[in-house]
Amino acid sequence: MLFWCGALLIVGFLLWFIGYVLYRGAGSISWDFLTRPPENLRAGGGIGPQLFNSFYLLILSMLLTVPLGVGGGIYMAEYARPSLFTSFVRLSTETLASLPSIVVGMFGLLIFVNYMGWGFSVASGALALTVFNLPVMVRISEESLRNLGPELREASLALGASRWQTITRVLIPSAFPGIVTGIILTAGRCFGEAAALLYTAGISSPPLDFGQWNPTYPASPLNPFRPAASLAVHIWKVNAEGLIPDLRRVADGSAAVLMVVVLVFNVVARWVGNRIYRRLTGI
């Protein structure tokens, strides 16, 4: 009974939170709001560049986080033997996973923005998000593989499969739901992150030429070395420094869009993950 009460309390709080945010911001959402650039002084601005920047940062970061994180988890679960070095690596991973995001942002500011000379840019923000999420992805992948138990490994090896075939054709498909959970968790952290991007991707976004997709063109949306304020950073900036007359409308609408995108991404990722899992396992 106690567990049911706890579960209902969590679900109730989530539904209340979703309802409150949508009640405050749903009326501001329109196609014009989603596609127009923001205004600095006049009313009527939108969140088009910020929304695009959030997806661009998410994709670049996940292209690095997922293969490196899953590969690190495979090494720690299947190849690393118990030793002082392995214990140190695991301790380092857990320590990095618990770092506050603003500390990761300051690290990105020192290394990617200043030392590498990239300035406030998409590349700096994506790498900062990778540093932020990579330890989490490694730990989730490792635990998903370790929780399978020795029976699957022994059965596969007994049938003549190599160690790599056992990992790729037996263990990873079986651990796929856990790995998908890690991907969803890290993607959600990417899309909703503000502190780490504040010091790496910047708080502004230059006018983007969506007719020019050459990454070397300065105004190209795909240019990785341009400033790129994300939607979460834009919400903070509007609330902290905004001078526009319809400040509340923009902030509430942006928050509603951010929440809806995260919810939709979670649902779609779960659905795709289940389809892939069934195809891999034949269930």
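Contact here means heavy atoms within 4.5 Å. Helices (H or I, at least four residues) and strands (E, at least two) are DSSP runs, numbered from the N terminus. The model is predicted, so local features need pLDDT of at least 70 and side-chain atom pairs count only at pLDDT 80 or more, while totals for chains, interfaces and linings use all residues. Residues are numbered from 1 along each chain as its sequence is written, and side-chain values use heavy atoms, with hydrogens and water left out.

**View 1. Helices α3 and α8 in contact.** From α3, the residues Ile-74, Glu-78 and Tyr-79 meet Arg-163, Trp-164, Ile-167, Leu-171 and Ile-172 of α8. By class, this contact has 6 nonpolar, no polar and 2 charged residues; Ala, Val, Leu, Ile, Met, Phe, Trp, Tyr, Cys and Pro count as nonpolar, Asp, Glu, Lys and Arg as charged, and the others, Gly among them, as polar. The axes of α3 and α8 (residues 163–174) come within 12 Å and cross at roughly 115°. Axes are lines fitted to C-alpha atoms, for helices over the stretch in contact, and angles run from 0 to 180 degrees between N-to-C directions. The two helices are therefore roughly perpendicular to each other (angles under 35 degrees count as roughly parallel, over 145 as roughly antiparallel, 65 to 115 as roughly perpendicular and the rest as oblique). The crossing of α3 and α8 is right-handed, a term for the near helix being turned clockwise from the far one by less than a right angle, with anticlockwise giving left-handed.

**View 2. Helices α3 and α6 crossing.** Helix α3 (residues 48–79) and helix α6 (residues 122–146) have axes that come within 6 Å and cross at roughly 35°. The crossing of α3 past α6 is right-handed. Their contact has 17 nonpolar, 9 polar and 3 charged residues.

**View 3. Phe-52 in helix α3.** Not counting residues up to four places away in sequence, Phe-52 touches Leu-208, Phe-210, Trp-213, Pro-221, Leu-222 and Arg-226. The C-alpha atoms of Phe-52 and Val-238 are separated by 17 Å, and the two residues are 186 residues apart along the chain.

**View 4. Ser-101 in helix α5.** Helix α5 spans residues 101–115. Ser-101 counts as buried, at 18% relative accessibility (buried means under 20% relative accessible area, exposed over 50%, partly exposed in between, with a 1.4 Å probe and protein chains only). Leaving aside neighbours within four places in sequence, Ser-101 is in contact with Phe-132, Glu-193, Ala-195 and Ala-196.

**View 5. Pro-177 in helix α9.** Pro-177 is partly exposed, with a relative accessible area of 34%.
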